[in-house]
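Welcome, and please take a moment to look over the sequence and the model before reading on. A short tour follows the display.

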Amino acid sequence: MRNFTQTTALVKRVTLCIVLLIWQPAYAESIEANSFKSSVNEQRYRSLIDEIRCPVCQGQSIGGSNAGLAKDLREKVRELIVDNKTDDNIRQYMTERYGDFVVFKPPMNKNTYLLWYAPFVFLALGLFFFIRSLGKKSSDKTQDIDTQKAKDLLK
């Protein structure tokens, strides 16, 4: 009897998982695919929506986000491409409204120098302290050897 109860419970769980997997796409909002007159513009669109960060989600591009603002930004990118704006013009439009944070590759300016150069500074400091610690260890070893030799000579 116990085996039958366990099997029934397992079947119910598996059935629930299958039903949820089947219904999930029906409730999820899909990211729209816009059609363009040329495949070049469609490729530009896909590239741009992947390099513009969603201001709401902050870790996702607007191409991968279902947030309302991301949908509006995708539509704006589509409109700007249809209006024959260049990729740089579209990036500039987005950064003027949402700041340098909105692009995954921020421009180099006075506000982003720290962002661009801090990794190199930390790498240089790390190498400096690493080399310095290696130098101390080698001098400690020679001092230990000299002390040991002196002790052996005194015996």
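**The chain as a whole**

Please keep in mind that this is a predicted model. The protein chain has 5 helices and 0 strands, and along the sequence its pattern reads α-α-α-α-α. Of the 155 residues in the protein chain, 18% are buried. The accessible surface of the chain is about 12,200 Å², and carbon and sulfur atoms account for 61% of that surface. Take the contacts between residues at least 6 apart in sequence: 49% of these join residues at least 24 apart.

**Two helix pairs**

Two packed helices are described by the angle between their axes and the distance between the axes. Here are those values for two pairs that you can find in the model.

| Helix pair | Angle between axes | Distance between axes |
|---|---|---|
| H2 (residues 39–51) and H3 | about 145° | 10 Å |
| H3 (residues 68–82) and H4 (residues 87–98) | about 145° | 10 Å |

Let us begin with H2 and H3. H2 crosses H3 in a right-handed way. On the H2 side, the residues that meet H3 are Asn 41, Arg 44, Tyr 45, Leu 48 and Ile 49. Their partners in H3 are Arg 74, Val 77, Arg 78 and Ile 81. Sorted by class, this contact of H2 with H3 holds 5 nonpolar, 1 polar and 3 charged residues.

Next come H3 and H4, whose crossing is right-handed. H3 brings Leu 69, Leu 73, Lys 76, Val 77, Leu 80 and Ile 81 to the contact, while H4 brings Ile 90, Tyr 93, Met 94 and Tyr 98. In this contact of H3 with H4 there are 9 nonpolar, no polar and 1 charged residues.

**Residues to look up**

Is Ser 61 buried or exposed? Ser 61 sits in the loop between H2 and H3. Its relative accessibility is 12%, so Ser 61 counts as buried. Apart from neighbours within four places in sequence, Ser 61 is in contact with Ile 49, Asp 50, Ile 52, Arg 53, Cys 54 and Phe 104. Ser 61 and Val 102 are 41 residues apart in sequence, and their C-alpha atoms are 9.0 Å apart in space.

Val 102 also turns up in the surroundings of Thr 95. Thr 95 is part of helix H4, and its side chain reaches the backbone oxygen of Gln 92 at 3.0 Å. Not counting residues up to four places away in sequence, Thr 95 touches Asp 100, Val 102 and Val 103.

The last stop is Asn 84, in the loop between H3 and H4. Most residues other than glycine have a negative phi. In Asn 84, however, phi is positive, near 65°. What does the accessibility of Asn 84 make it count as? Asn 84 has 65% relative accessibility, and therefore counts as exposed.

Terms used:
Residues numbered from 1 in each chain as written. Predicted model: local features only at pLDDT ≥ 70, side-chain atom pairs only at ≥ 80, totals over all residues. Heavy atoms only, no water. Axes fitted to C-alpha atoms, helices over the stretch in contact; angles between N-to-C directions. Helix = DSSP H or I, 4+ residues; strand = E, 2+ residues; numbered from the N terminus. Left-handed = near helix turned anticlockwise from the far one by under 90°. Contact = heavy atoms within 4.5 Å. Nonpolar A, V, L, I, M, F, W, Y, C, P; charged D, E, K, R; others polar. Buried < 20%, exposed > 50% of the residue type's maximum accessible area, 1.4 Å probe, protein only. Areas by Shrake-Rupley, 256 points an atom, 1.4 Å probe, with all protein chains shown as cover. Polar contact = N/O pair within 3.5 Å; in protein donor to acceptor, adjacent residues only side chain to side chain.
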